[in-house]
Every structure is written in structure tokens, then in C-alpha cells.
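Student: I have a structure open and want to learn how to read it. Where do we start?
Tutor: Let us take a few features in turn.

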Amino acid sequence: MNGTKSIPTMNQLLFRCVTLVGYAAVLFSSQRPWFSVPTAVDGNMNRVIEFVANEPRCTQTFQFIMVVGISILTLSSLKTREWSLLSNLTTCSMLAIVLAYPYVVMTYSPSLTADAIWLQMQHDNLIWLGGDINLSAEAGNAFWGNKIYSVDIPRQIKIAPIPTHHFSELGIHHLSDALNWFGYSEAFCQFSKGGWSMAACGWSMLIAGTLVAKGEVQFSRVGYSIVTLTLALASFGTYVVSVPFIVAGHIDDAATLTRQRDYAAAIRSLELACQRMPALEHDTHWIAQRGSLECKLGGINSHAQLFRAIELERVGKYDAAYEQLLSLIDSGDTAIAREAIRAVQRFAIQDFNSGNSLSAAERLNIVLVKQPCNLKAIYLSQLCFLRQGHSLQVEEMSKWLDKAARHLSFNSKKILSATVHKYGAISSSQKNDAAAAWHSLRQAKNP
């Protein structure tokens with residue numbers, strides 16, 4: 001009698017382990033954050049502990065789909081206790097859905113997308129070779145920070161590159177633009193969380209696991225997997241790439257209508273562009289164009305008010321511009337409020353570079369109340385307090401930036417933490433506190 005069960009081979013055990021790990025990863029992903037951006041509670045903040053991680057609403061939908069996918073996968077193998085072709089096709093389809101998540105988030109969560117891009121821009125503005133930290137490396141330890149100058153923030157929050165060429169001219173040199181169109185931007189990678197990575201890895205493992213049936217790899221399923229993934233991603237990719245060109249067409253129409261002085265129709269064309277790419281509504285240039293058209297129509301809405309305030313700033317009427325910008329930071333339109341806050345931050349940087357630390361600190365505090373994880377505002381606030389000899393506030397800003405940096409994914413956040421702890425050490429040396437200075441230096445070396 002041959003009643004004994006055959007011992008699984010090492011190859012079979014490997015596939016079973018991969019399957020179990022994939023199952024666990026997908027199940028855990030449905031309980032973990034996929035993407036989150038730190039924001040203030042109710043749009044305001046008075047203490048460090050009040051900012052929270054804001055997640056896009058679509059994440060819950062994707063997590064529910066993951067649970068449904070696991071259920072279908074389980075049911076497909078219950079009868080025969082073997083992976084079927086349906087099991088394999090299910091895993092391929094679910095992986096394609098997970099890979100579409102960045103596009104859905106970065107396109108259809110406009111306010112969160114703009115917040116993520118703005119925070120990433122601040123991160124880059126501080127640490128790139130021409131940024132604040134590198135430019136101040138030589139003078140940062142001298143004169144209690146009084147010789148440090150800040151680089152101005154970028155004038156535009158650029159949501160996505162809009163093509164100026166024909167679709168047929170799309171080539172390998174547009175790869176970076178294409179990655180942004182698909183949602184795989186630096187901002188997404190900076191604020192993506194473990195849940196999304198676990199889902200992608202989990203379904204990839206399950207694809208490998210479902211290739212095995214009756215103890216052997218079914219090579220026909222390899223072909224089915226490749227075809228399924230290729231068709232799904234190609235169809236999705238064609239749609240994604242076509243959207244920016246459609247948007248570019250609407251923007252060109254708006255430009256033509258503007259030249260013809262049909263401003264109302266131009267606004268409608270801009271709105272059509274936003275219907276295709278909702279996040280575009282938070283692009284600085286789109287906001288400026290909309291404000292210009294509203295002004296030409298004699299409008300008094302928030303877009304027109306912001307445009308007039310920026311024009312006042314441009315012609316040198318700074319006090320009038322600043323007062324108007326302050327009235328817009330509480331706007332119900334988050335895009336307008338963000339641009340107004342960014343303008344206030346520009347004024348703060350001008351004060352900082354001119355040596356007016358008191359005024360700069362006051363304006364930076366206005367920024368931080370609305371944007372508590374504004375990395376550059378935290379950094380400059382610490383330097384303002386350092387110049388004024390306020391050691392307690394210097395230490396507080398070090399802790400503040402440490403807490404804000406926890407929401408970043410890139411290892412370059414250690415540069416930010418190391419820098420603020422270095423200034424903490426300088427502040428401690430101001431009051432002859434050697435122990436505190438040594439502690440801050442240790443934190444700077446091991447952020």
C-alpha cells in the first residue's frame with residue numbers, strides 16, 4: 001500500500017513560503033496606511049502635538065479591494081485545494097490595481113497632492129547643493145547664525161508637467177514627465193507608507209505562488225500572467241499618457257480665447273482642464289491664469305484677490321500686498337490659502353535675509369500655525385531664535401523638526417535633523433551650558 005504522503009521538495013516548500021508571506025503582506029496592507037501627508041488639525045495649530053497624518057479617502061477603497069481580492073483568491077482554490085488559472089489571473093489583476101494607486105492619489109486627491117508636493121519642494125529647497133543647508137555650511141557656525149542667508153522658495157507649485165509637444169514626439173527624454181503622469185513622483189515616494197509597498201510585494205509573491213499546481217510550475221500560466229499584466233498596464237498607461245495631452249489642448253484653447261478677449265470662455269476651458277486633471281487646480285500657474293481672467297472680468301472672488309495681491313507685491317507695494325495676503329490665508333479654497341501662506345513665507349525670508357529676525361519670526365509663526373510641517377519655516381524659525389538668543393525656543397524647534405521629519409520617507413531627512421541639532425549646540429554654548437551643547441552635538445552626529 002502506498003498510503004504515505006510524499007514529502008514536499010525544497011522547491012515546493014519555497015513556493016509555499018512565498019505564498020504565505022504574500023498572503024500575510026496583503027492582509028497587513030489592508031490595515032496599514034498607504035500614503036499620508038502631515039497637516040494641521042482643522043487647518044490650525046498652536047502646539048507641536050496637534051499636527052496629524054492626513055490620508056486620501058481612496059485608500060480605504062483600495063484596501064477594501066485588497067480584501068475582496070484575497071477572498072476571491074481563497075475561494076478559487078477551496079474546491080481542488082490547488083491554485084487554478086482563476087487564482088493566477090486574480091493575482092495579476094490585483095497587482096495592476098495596486099500599481100495604479102499612485103496615479104489615483106496624485107490626480108484625484110488634489111489638496112493632499114499639492115501639500116505633498118509643497119513639502120517635498122521645501123525638503124529639496126533646504127538640502128540640494130544650492131539650498132540653505134549647503135550654502136550656510138561655511139558660515140553656519142559663526143556669529144550665532146547672523147551670516148546665514150536663506151534661498152527664496154520656488155515661485156510655482158508644479159503639480160504635473162503639461163506637454164508642449166505633439167503626442168508623436170513623445171520619447172525616452174520625456175521619461176521623467178511620464179513618471180509624474182503615472183503618479184510616481186518624488187512627492188509620492190516621499191510620503192508613501194508601508195501599506196502600499198506591502199500590497200505590491202504581497203501580490204507579486206502571490207503571482208509566483210499561483211504559478212504552481214500539482215507540485216509543478218505551470219509554464220502556461222507564466223504566459224497568461226505576462227499577457228494579463230501587459231494588457232492591463234498598457235491599457236491603463238495609454239489612458240494616463242493621453243490625459244496630459246488633452247489637458248494641454250484645453251489650456252491652448254484658453255490661451256486662444258484669452259487673445260480673443262473672450263475671458264469667460266477661457267475660464268471654462270481652464271475648468272475643463274481641471275475636470276480631466278483635478279490636481280491641476282492647485283498649480284500656481286493655473287491659479288494665476290484663473291486670477292488674471294477673473295480680474296479682466298471685474299471679479300472679486302478669491303482668485304482675483306490673490307492675483308491683485310501678487311501684482312501689488314510685484315510692483316513693490318509690499319505693505320498693501322501683505323495685508324491682502326493675510327486676509328486670504330483663511331480662505332475656504334485650500335489652493336488660494338496655500339498660495340497666500342507661501343507668499344507670507346516669502347516676506348518672512350526677505351525679513352530674515354535683511355537681518356530683521358523679530359519680524360521674520362512673527363511671520364514664520366503665521367506660516368507654522370497653518371502649515372505645522374513646513375520644513376523651511378521650522379528651520380528659519382530656529383535660526384531667528386538663535387540670533388535673538390532664545391535658547392529654549394531653539395531647542396523646541398529642534399524637537400519640532402524631528403517630529404515633522406518622521407513623516408518623511410527619504411533618508412535625507414537625517415540631514416535636516418542633524419542641522420537643527422547643530423544649531424541647538426550653538427545655542428547651548430551661548431549660555432555656557434557645556435552638557436547641553438555636548439548632548440546636541442551627539443544628536444547631530446547620530447540623528
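Tutor: Keep in mind that this is a predicted model. We begin with disulfides, and the structure holds zero of them.

Student: What is a disulfide?
Tutor: A disulfide is a covalent bond between the sulfur atoms of two cysteines.

Student: Are cysteine 58 and cysteine 384 buried or exposed?
Tutor: Buried means under 20% relative accessible area. Cysteine 58 has 16%, so it counts as buried. Cysteine 384 has 0%, so it is buried too.

Student: How do I read a helix, say H9?
Tutor: Check its span against the expected one. H9 covers residues 194-209, which is 16 residues. From first C-alpha to last it reaches 22 Å, close to the 22 Å expected at 1.5 Å a residue. Then ask what is hidden. Buried residues in H9 include Trp196, Trp203, Leu206 and Ile207.

Student: Which residues make the nonpolar surface patch?
Tutor: Phe64, Val68, Ile72 and Leu86 make it, with an area of about 360 Å². Helix H2, residues 58-78, gives the largest share, three residues. Phenylalanine 64 lies in H2. Its relative accessible area is 57%, so it is exposed.

Student: Where is glutamate 313, and is it buried or exposed?
Tutor: Glutamate 313 lies in helix H13, residues 302-314. Its relative accessibility is 6%, so it counts as buried. Now list its contacts, leaving out residues up to four places away in sequence. Among them are Arg155, Tyr318, Arg346 and Phe347.

Student: What about a residue in a loop, such as valine 151?
Tutor: Valine 151 sits in the loop between helix H6 (132-135) and helix H7 (175-181). With a relative accessible area of 22%, valine 151 is partly exposed.

Key
Residues are numbered from 1 along each chain as its sequence is written. This is a predicted model: local features need pLDDT of at least 70, side-chain atom pairs count only at pLDDT 80 or more; totals for chains, interfaces and linings use all residues. Side-chain values use heavy atoms; hydrogens and water are left out. Helices (H or I, at least four residues) and strands (E, at least two) are DSSP runs, numbered from the N terminus. Buried means under 20% relative accessible area, exposed over 50%, partly exposed in between (1.4 Å probe, protein chains only). Contact means heavy atoms within 4.5 Å. The expected span of a helix is 1.5 Å times one less than its number of residues. Patches are made of residues with over 30% relative accessible area and no salt bridge: like charges are joined within 9 Å, nonpolar side chains (Val, Leu, Ile, Met, Phe, Trp, Tyr) within 5 Å. Accessible areas come from the Shrake-Rupley method with a 1.4 Å probe; for residues, only the protein chains shown count as cover. A salt bridge is a side-chain nitrogen of Lys or Arg within 4 Å of a carboxyl oxygen of Asp or Glu. A disulfide is a pair of cysteine sulfur atoms within 2.5 Å.
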